[in-house]
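I opened this notebook to record what I looked up in one model. The entries run from the overall fold to single pairs of side chains.

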Amino acid sequence: MKDLVFLRRPVLAAFAVLVTLLSACAGLPERAVATARYDFGPPVATPQRDAVRPPLALQVQASPALDSPAMLYRLAYADPRQLRAYAQSRWAMLPADLLQQRLRAGLGDAYTLALGPDGAARVLYVELEEFSQVHVTPEQSHGLLRLRVSLLQRTATGEQVLAQRELQLQQPAERADAAAGVRALGAAADMAVAELVRWLQQAR
């Protein structure tokens, strides 16, 4: 019996230490999962153009559904009408600001862009209507960018519409996760820059 008591003492001591450690860990706050924040990265370099064109003001606005930095996606195979947001991934700025930054970087090679929306007689007005990652299947997705674009001329009596068009640009994503969606939407934005440069050249 005396040997049994001696054997129990180390076991009881180890159990007491374990209980103390568990109690200490229980008092610690849970470590929050960091939210990933994305933008489009550095703009792709485009060749300088020699043609001199009149200054242009740029204004980008987004639909109310895009008035937050939430990174949105659709499950086309489940319910394509429902917009969902990634829980741990967000844009570094509002989608309209992100697109305007990219458009300024790209259009600035072809046009002298005014610093503000009122700094030029001509205005390129861009309405951002769709800015999401569309999951066609659980394994396949693409970035979808939809724009309504107007070229306006300011006159003494108001603004005159010179030309209008809609753009719907789609780029496949390498995977079906948020990071791949960012790259796909960035590529779609670069496509929008190229399309707008060609369109503005024809609309002058």
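**Entry 1. Fold and surface**

I counted 3 helices and 7 strands in the protein chain; helices (H or I, at least four residues) and strands (E, at least two) are DSSP runs, numbered from the N terminus. The model is predicted, so I noted that local features need pLDDT of at least 70 and side-chain atom pairs count only at pLDDT 80 or more, while totals for chains, interfaces and linings use all residues. Residues are numbered from 1 along each chain as its sequence is written, and side-chain values use heavy atoms, with hydrogens and water left out.

Reading along the sequence, I wrote down the pattern α-β-β-β-β-α-β-β-β-α. I then looked up burial, where buried means under 20% relative accessible area, exposed over 50% and partly exposed in between (1.4 Å probe, protein chains only). Of the 204 residues in the protein chain, 36% are buried. The chain exposes about 12300 Å², and 56% of that comes from carbon and sulfur atoms; accessible areas come from the Shrake-Rupley method with a 1.4 Å probe, and for residues only the protein chains shown count as cover.

For contacts (heavy atoms within 4.5 Å), I looked up the sequence separation. Among contacts in the protein chain with a separation of 6 or more, 68% involve residues 24 or more positions apart.

**Entry 2. Helix α2**

I next took helix α2, which spans residues 95-107 and has 13 residues. From its first C-alpha to its last it reaches 18 Å, close to the 18 Å expected at 1.5 Å a residue; the expected span is 1.5 Å times one less than the number of residues.

Which residues of α2 are buried? I listed Pro95, Ala96, Leu98, Leu99, Arg102, Leu103, Gly106 and Leu107. They cover an arc of only 160° around the axis, which puts them on the same side of α2; the arc is that of the directions from the helix axis to the C-beta atoms. What covers these buried residues includes the strands β2 (56-62), β4 (79-91), β5 (122-135) and β6 (141-155), and also helix α3 (178-203).

**Entry 3. Aromatic pairs**

I found 4 aromatic pairs in the structure. Rings of Phe, Tyr and Trp (its six-membered ring) pair if their centres lie within 6.5 Å; planes under 30 degrees apart count as stacked, over 60 as edge-to-face and the rest as tilted.

Tyr73 and Tyr86 form a tilted pair, 4.6 Å centre to centre with 40° between the planes. The pair links distant parts of the chain, with Tyr73 in strand β3 (residues 70-75) and Tyr86 in strand β4, 13 residues apart. Tyr73 counts as buried at 17% relative accessibility, and Tyr86 is buried at 18%.

The rings of Trp91 and Phe131 have their centres 5.2 Å apart and their planes at 45°, so this pair is tilted. Trp91 lies in strand β4 and Phe131 in strand β5, so the pair ties together parts that are 40 residues apart in sequence. Trp91 is buried with a relative accessible area of 1%, and Phe131 is buried with 2%. Ring pairs link Phe40, Trp91 and Phe131 into a cluster.

**Entry 4. Salt bridges**

How many salt bridges does the structure hold? I recorded 13, a salt bridge being a side-chain nitrogen of Lys or Arg within 4 Å of a carboxyl oxygen of Asp or Glu.

Glu129 bridges to Arg146, with the closest N and O atoms 3.4 Å apart. Glu129 lies in strand β5 and Arg146 in strand β6, so the pair ties together parts that are 17 residues apart in sequence. Glu129 is partly exposed at 24%, and Arg146 is partly exposed at 26%. I also noted a network of salt bridges that links Arg74, Glu129, Glu130, Arg146, Arg148 and Glu166.

Glu195 forms a salt bridge with Arg165, the closest N and O atoms being 3.7 Å apart. Glu195 lies in helix α3 and Arg165 in strand β7 (residues 158-172), so the pair ties together parts that are 30 residues apart in sequence. Glu195 counts as partly exposed at 24% relative accessibility, and Arg165 counts as partly exposed at 26%.

Last, I looked up Arg81, which forms a salt bridge with Asp79 at 3.4 Å between the closest N and O atoms. Arg81 counts as exposed at 71% relative accessibility, whereas Asp79 is partly exposed at 23%.
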